[in-house]
Amino acid sequence: MLKKLIILWFITTLSGCGYNSFQSSDETIKASWGEVLNQYQRRADLVPNLVNIVKGYASHEKDVLIQVTQARSKVSSIQVTPELVNDEKAFASFIAAQGQMTQAISSLLAVAESYPELKSSSLFRDLQAQIEGTENRITVARNRYIAAIKEYNITVRSFPSNITAMFFGYRTKNSFTVENEYRISNAPKVDFNTTP
Amino acid sequence: MLIKCRYTIGIFLFLFSATLLAQIEIPTLSQRVTDLTNTLFPEELAALEKKLADFETRKGSQIAVLILPTTEPEDIAAFGIRVADSWKIGRKNIDDGIILIVAKEDRKLRIEVGRGLEGVIPDAIAKRIISEIITPFFKDYHIQGGINAGVDQLIKLIDGEKLPAPNINQVMESIDSNHLTAIIFGLMMLDVFAKVWAGWIRGMFITGIAVVIIGVLVHPESYTEMGSSPLFFISAFFIGIVGSVILKLIMIFNSSKTLNSNFDMSDFSSSDSSSSSSSFSGSGGSFSGGGASGSW
């Protein structure tokens with residue numbers, strides 16, 4: 001009976017020292033990171049369609065089209081593993097590639113503005129709505145991921161759960177940062193001489 | 001001079017941060033149609049409210065309409081997801097809620113689509129409803145007509161989707177599963193302690209009494225319905241004893257192995273239970289940013 005009491009005591013104190021909140025926030029992080037990747041993938045899947053339809057109406061806008069295609073291939077060349085979150089360098093390059101993609105798509109859509117025929121095509125409008133919706137979903141997913149990371153990192157750092165964190169080797173995790181944002185908001189240099 | 005300059009910068013920074021932080025507060029949700037601009041006449045508002053309420057009783061999905069002057073400085077999409085997260089329109093885990101937001105002075109609108117309806121109303125369809133059905137009315141300054149036409153179209157689309165029947169989770173409304181887990185876990189703890197402290201026969205009785213008390217606290221309706229008869233106490237007491245015996249048996253069964261307890265304590269956060277009384281509230285639907293925005 002004493003043994004059971006000790007186990008029960010353990011369960012209650014473990015939840016007191018934050019072990020359980022580590023587990024739950026870790027799962028939340030995983031789930032929200034999955035959602036971020038999911039939405040990025042959804043966007044990447046939409047891009048070929050977008051490129052094709054713009055090509056049909058504005059084939060001579062080569063620069064933008066090449067830029068988008070390059071960004072797309074760069075994004076899909078990055079191996080996305082769950083460990084990506086823990087690897088600071090890989091994470092940064094992944095974020096940078098996705099940022100370039102955002103940039104490229106928005107400049108493609110801006111170019112499309114000057115083609116009335118393209119703009120009035122219902123296929124393009126549906127596609128544009130889908131892309132806009134996906135960009136919004138990406139924003140939402142990213143914000144939720146940031147919130148999840150924040151909760152986790154607070155638990156890692158604050159007392160007494162930091163002792164648990166030390167004991168089990170939990171460390172703070174990377175999130176989308178302003179530095180990343182700043183870097184990706186600078187237009188990437190694209191070499192127009194190469195063909196995709 | 002230097003100090004003055006510093007103050008100026010300080011004040012400037014303060015003002016700047018103030019504008020950065022200035023977000024529109026989420027309006028409180030008390031009915032399906034929230035009109036902060038007094039655009040709709042009372043009878044129009046009541047008619048729309050009734051249409052949406054009827055739709056909810058028929059189909060189970062919730063639709064809410066919000067008309068407000070402006071969402072500035074925030075983008076309507078960012079504002080929309082904040083509203084959606086706080087209102088939780090739509091049923092829990094079915095996520096079949098829709099919020100139509102009209103920012104009148106910004107001349108912008110947005111349809112926020114719950115997760116569970118993204119199949120029947122994908123972004124492209126939401127965009128079409130905005131640009132082909134609602135905004136033509138809005139361009140003629142006919143806000144009420146646009147909202148009604150848009151809502152009708154949304155209802156038509158959702159009607160075509162197979163969703164769980166309404167009121168499926170009304171039974172468990174007063175306690176949701178999280179609270180139930182907490183109660184059961186607490187009772188189990190009490191049971192173990194009582195058995196250690198007072199021996200397992202007396203422990204059993206203590207648990208039985210605890211179940212009676214919790215029963216009265218959690219479900220006062222059934223307690224009063226049974227005319228506060230001893231039947232309620234006896235049955236609750238009996239349930240407690242049976243539970244205690246089962247736990248005892250499990251413990252005996254498990255004593256050869258190690259007691260492996262992994263109770264799921266993951267989300268004990270207070271999720272607000274919805275009440276189906278006069279005021280309207282969301283039933284816990286979640287959103288992931290689906291839908292479309294438009295302007296007129």
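Within chain A, 78% of the contacts with a separation of 6 or more join residues 24 or more positions apart; two residues are in contact if their C-beta atoms, placed from the backbone, lie within 7 Å. This is a predicted model, in which local features need pLDDT of at least 70, side-chain atom pairs count only at pLDDT 80 or more, and totals for chains, interfaces and linings use all residues. Residues are numbered from 1 along each chain as its sequence is written, while chains are lettered from A and ligands numbered from 1 in the order in which they are written.

Chain A has eight helices and zero strands; helices (H or I, at least four residues) and strands (E, at least two) are DSSP runs, numbered from the N terminus. Of its 196 residues, 28% are buried. A residue is buried if 20 or more other C-beta atoms lie within 10 Å of its own, exposed if 12 or fewer, and partly exposed in between.

The largest nonpolar core has 56 residues, and B:Ile98, B:Ile99, B:Leu100 and B:Ile101 have the most contacts inside it. Helix α6 (residues 122-157) of chain A gives the most to this core, with eight residues. Such a core is a set of buried Ala, Val, Leu, Ile, Met, Phe, Trp, Tyr and Cys residues joined through C-beta atoms within 7 Å.

B:Val83 lies in helix α3 (residues 76-87) of chain B. B:Val83 is buried because 24 other C-beta atoms lie within 10 Å. Leaving out residues up to four places away in sequence, B:Val83 touches B:Ile26, B:Leu66, B:Ile99 and B:Ile101.

Confidence in chain B is given as pLDDT, the predictor's confidence in each residue, from 0 to 100. The chain averages 79, and 76% of the residues score at least 70.

| Element of chain B | Mean pLDDT |
|---|---|
| Helix α1 (residues 2-21), lowest | 59 |
| Strand β3 (residues 97-103), highest | 94 |

Over residues 258-277 of chain B the pLDDT is below 50. Where pLDDT is low, the predicted coordinates should not be read in detail. For the complex, the predictor gives an ipTM of 0.74 and a pTM of 0.67.
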